[in-house]
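Please open the model in your viewer and keep the sequence panel beside it, so that each selection can be followed in both.

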Amino acid sequence: MDTVLSGIRSTGHLHLGNYFGALRNFVRIQDEYKCFFFIADLHSLTTHPHPDDFHASVKTILAEYLAAGLDPEKSAIYIQSDVPEISELYVLLNMIAYVGELERTVTFKEKVRQNPNNVNAGLLTYPVLMASDILAHRAQRVPVGKDQEQHLELARVFARRFNNMYGEEIFPEPRNLVFQGGAVKVPGLDGSGKMGKSNGNGVYLYDDEKTITKKVMKAVTDSGPTEPNSPMPEVIQNLFTLMKLVSDQSTVDYFTEKWNDCSIRYGDLKKQLAADICKVTLPIKEKIDAIYNDDAYLSKVVASGRERARESAGATLSLVRKAVGFKSF
Ligand code: TRP
């Protein structure tokens with residue numbers, strides 16, 4: 001059985017993009033693969049979050065992961081900083097990672113552009129830490145979107161380089177895991193691009209009915225079709241894309257027809273869309289609230305995740321230490 005691994009940084013809340021693009025599929029594959037799902041709190045430090053909010057952010061994402069259906073009985077669900085083996089591997093992989101290849105990473109260059117006053121070394125070695133997450137469990141499959149493909153490629157480079165350097169096949173080269181039906185791109189409500197944490201164009205699993213309705217009713221539209229069967233502009237297509245994810249086929253058909261005969265009223269479409277989003281997310285929100293407030297449960301989940309992750313990473317690290325030449329006195 002192959003090992004699958006995925007991590008998420010501990011900032012903000014999970015949105016519909018996270019849910020339909022990734023989480024919903026993670027829930028499905030828990031019986032098919034040996035799964036590791038973790039919260040990348042060390043990665044979050046590259047952008048200096050405030051210590052006062054740090055724990056609450058981790059707890060938020062953890063509760064949301066669990067509420068969405070990740071099952072701690074089936075998968076190892078853990079906090080990255082709870083597993084010191086990952087940091088140890090990170091030190092060792094830093095010795096075989098070249099500054100040049102890290103500087104050429106698109107995400108790094110973007111961060112430098114966005115934030116020229118905070119170009120810390122952790123930002124540069126972000127892909128090394130991510131490779132450590134993956135290689136610590138010798139994971140074969142890592143589901144990532146376009147924006148993380150270059151990081152996954154670097155994990156393969158480091159795996160190969162380490163194996164060659166020490167003459168041992170310790171690390172498999174991790175490959176992307178593309179889910180059935182291909183990648184789902186969830187558009188944002190602002191009419192352009194995909195739903196994202198930083199763009200403020202998202203609906204969160206955590207949002208209540210009022211918030212969701214307000215956000216959807218404010219979604220960007222145009223002035224409406226003027227000719228029957230005209231092609232849809234992107235902003236309208238985006239609303240239909242969301243609708244296809246949450247609504248019945250008959251609802252989608254109904255509004256498609258209304259578009260085609262120019263009788264569509266965006267207010268009606270949005271009201272329906274908001275209601276159908278709520279049908280998906282409100283049951284999850286209810287679970288988020290319950291789990292977030294159940295400290296005893298959360299601490300049990302975290303402890304069992306930590307144990308499983310440390311056992312797996314510990315086995316890898318003893319092979320790695322030996323390959324590198326460390327010996328006990
Ligand atoms: N860099 C990933 C992101 O921003 C999060 C992440 C950290 C990750 N470590 C990982 C994803 C390991 C997959 C595997 O989305």
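A residue is called buried when its relative accessible area is under 20%, and exposed when that area is over 50%. With that cut-off in mind, and remembering that this is a predicted model, select residues 34-40, which form strand β2. This strand is mostly covered, six of its seven residues being buried.

Next, move to the helices. Two packed helices are described by the angle between their axes and the distance between the axes.

Select helix α8 (residues 126-135) together with helix α9 (residues 149-166), whose axes come within 9 Å and cross at roughly 70°. As angles of 65 to 115 degrees count as roughly perpendicular, α8 and α9 are therefore described in that way. Show the side chains where they touch: Tyr126, Pro127, Val128, Met130, Ala131, Ile134 and Leu135 in α8 meet residues of α9 that include His151, Leu152 and Phe158. By class, this contact of α8 with α9 holds 12 nonpolar residues, one polar residue and no charged ones. The crossing of α8 and α9 is right-handed.

Finally, select helix α11 (residues 234-246) and helix α12 (residues 249-260), where the axes come within 10 Å and cross at roughly 160°. The two helices are therefore roughly antiparallel to each other, and α11 passes α12 in a left-handed crossing. Here Ile236, Phe240, Met243 and Lys244 in α11 meet Thr251, Val252, Phe255, Thr256 and Trp259 in α12, a contact with six nonpolar, two polar and one charged residues.

Conventions:
Residues numbered from 1 in each chain as written. Predicted model: local features only at pLDDT ≥ 70, side-chain atom pairs only at ≥ 80, totals over all residues. Heavy atoms only, no water. Axes fitted to C-alpha atoms, helices over the stretch in contact; angles between N-to-C directions. Helix = DSSP H or I, 4+ residues; strand = E, 2+ residues; numbered from the N terminus. Parallel < 35°, antiparallel > 145°, perpendicular 65-115°, else oblique. Left-handed = near helix turned anticlockwise from the far one by under 90°. Contact = heavy atoms within 4.5 Å. Nonpolar A, V, L, I, M, F, W, Y, C, P; charged D, E, K, R; others polar. Buried < 20%, exposed > 50% of the residue type's maximum accessible area, 1.4 Å probe, protein only.
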